[in-house]
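Me: Please examine the model shown below and answer a series of questions on its fold and packing.

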Amino acid sequence: MSNGTSDGKKNLIEVKNLVKYFPVRAGLLQRVVAQVQAVDGVTFSIQEGETVGLVGESGCGKTTVGRTMLRLIEPTAGEVFFEGRNVFTMNGRELKELRRHMQIIFQDPYASLDPRMPIGESVMQGLDIHKIGTRKERFEIMLDNLKKVGLEDYHSRRYPHEFSGGQRQRIGIARALALQPKFILCDEPVSALDVSIQSQVLNILKDLQQELGLTYLFIAHNLSVVEHISDRVAVMYLGKVVELADRDELYRNPLHPYTKALMSAIPIPDPTLKRERIILKGDVPSPLNPPKGCRFHPRCPIAVDICSQQEPEFKEKSPGHWVACWKAE
């Protein structure tokens, strides 16, 4: 199954049936007694120069998908192809070379920076590891990347605690750019920032994408942010992608009841307009013991008998619009 769009562009990344279970151990011998099914059979693709937004509530497996794609976490099963090469079969040297082309911007910019190291050294760290250029050339690359994200030369001598949250995230972006990657995983890069700063960081990411031809997987739980930056959007629920479509199509015509509930929670800036709010009943089931059949059925307002017995297939209902729901029209 290929979930790319049909405009002739090449897929940079293909994720096929990605699975990641975390073992739960107990007892004196620390035997595995259960598995947390964090990601269970996720399939999608990302084209060159495209931004795919990955949304869903906390704990649905979004970040695990991203980190497993980059081999920061080892997968349980499945395949990830980058430019046609299987990321999961690469050895140490190949994987190190791959790191140059696949980078990550972390959610917490302060935790991802060494507090004892000036930020210029942090940005240059990847260049040092990969032995790119001379020390002087690495220094020039670092200053150039700081300028790209709106920081000045003198900032390179300062330490992380001397910056605001928005500035730290700009440093995180500069560090991700240093090795001239083709793909950047943006792991909730604006969720910890003020709204005014969020828009600045999002605009920086969009400008850099146009300037450098970057490809993004943008993980977030804020649907307004995802709408602003994404070309296509994938919606996750309890370890599975339940809907995937072009941004405009998804926001105009959501098919999955979970997506509809998420959309109903987006605030409308016009106070005279009212949106019917869909309130989901119950709590998100545990990934330790997910429900049989469709994982959303215990909370679904339109569930029928088959939903609790058989898992729906992820199908293309209209060109480029994929959904996993028995009742999707």
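This is a predicted model: local features need pLDDT of at least 70, side-chain atom pairs count only at pLDDT 80 or more; totals for chains, interfaces and linings use all residues.

Me: Is Ile-105 buried or exposed?
Reply: Ile-105 lies in strand E6, which covers residues 102-105. The cut-off for burial is under 20% relative accessible area. Ile-105 has a relative accessibility of 1%, and therefore it counts as buried.

Me: Which residues does Ile-105 touch, not counting residues up to four places away in sequence?
Reply: Contact is taken as heavy atoms within 4.5 Å. With residues up to four places away left out, Ile-105 touches Gln-169, Gly-172, Ile-173, Ala-176, Ile-184, Leu-185, Cys-186, Asp-187, Pro-189 and Leu-205.

Me: How many residues are in the largest nonpolar core, and which of them touch the most other members?
Reply: The largest nonpolar core holds 54 residues. The members that touch the most others are Val-149, Ile-173, Ile-184, Leu-205, Leu-208, Phe-218 and Tyr-251.

Me: What is Leu-208 in contact with, leaving aside its neighbours within four places in sequence?
Reply: Beyond its neighbours within four places in sequence, its contacts are Lys-148, Val-149, Ile-173, Leu-177, Gly-213, Leu-214 and Tyr-216.

Me: Which elements are included in what covers the buried residues of H9?
Reply: Helix H9 spans residues 257-264 and is mostly covered, with six of its eight residues buried. The buried ones are Pro-257, Tyr-258, Thr-259, Ala-261, Met-263 and Ser-264. Their cover includes helix H7 (223-229), strand E9 (232-237), strand E10 (240-246) and helix H8 (247-252).

Me: Why is the protein as compact as a globular protein of that length?
Reply: The protein has nine helices and twelve strands. For 329 residues the globule rule gives 20 Å, and the radius of gyration is close to that, so the protein is as compact as a globular protein of that length. The radius of gyration is 21 Å.

Me: How far apart do the centres of the positive and negative side chains lie?
Reply: The protein carries 43 positive and 40 negative side chains.

Technical notes. Residues are numbered from 1 along each chain as its sequence is written. Side-chain values use heavy atoms; hydrogens and water are left out. Helices (H or I, at least four residues) and strands (E, at least two) are DSSP runs, numbered from the N terminus. The radius of gyration is taken over C-alpha atoms; the globule rule is 2.2 Å times the number of residues to the power 0.38. Lys and Arg count as positive and Asp and Glu as negative; His and the chain ends are not counted. The place of a charge is taken as NZ of Lys, CZ of Arg, CG of Asp or CD of Glu. A nonpolar core is a set of buried Ala, Val, Leu, Ile, Met, Phe, Trp, Tyr and Cys residues joined through side-chain atoms within 4.5 Å. Buried means under 20% relative accessible area, exposed over 50%, partly exposed in between (1.4 Å probe, protein chains only).
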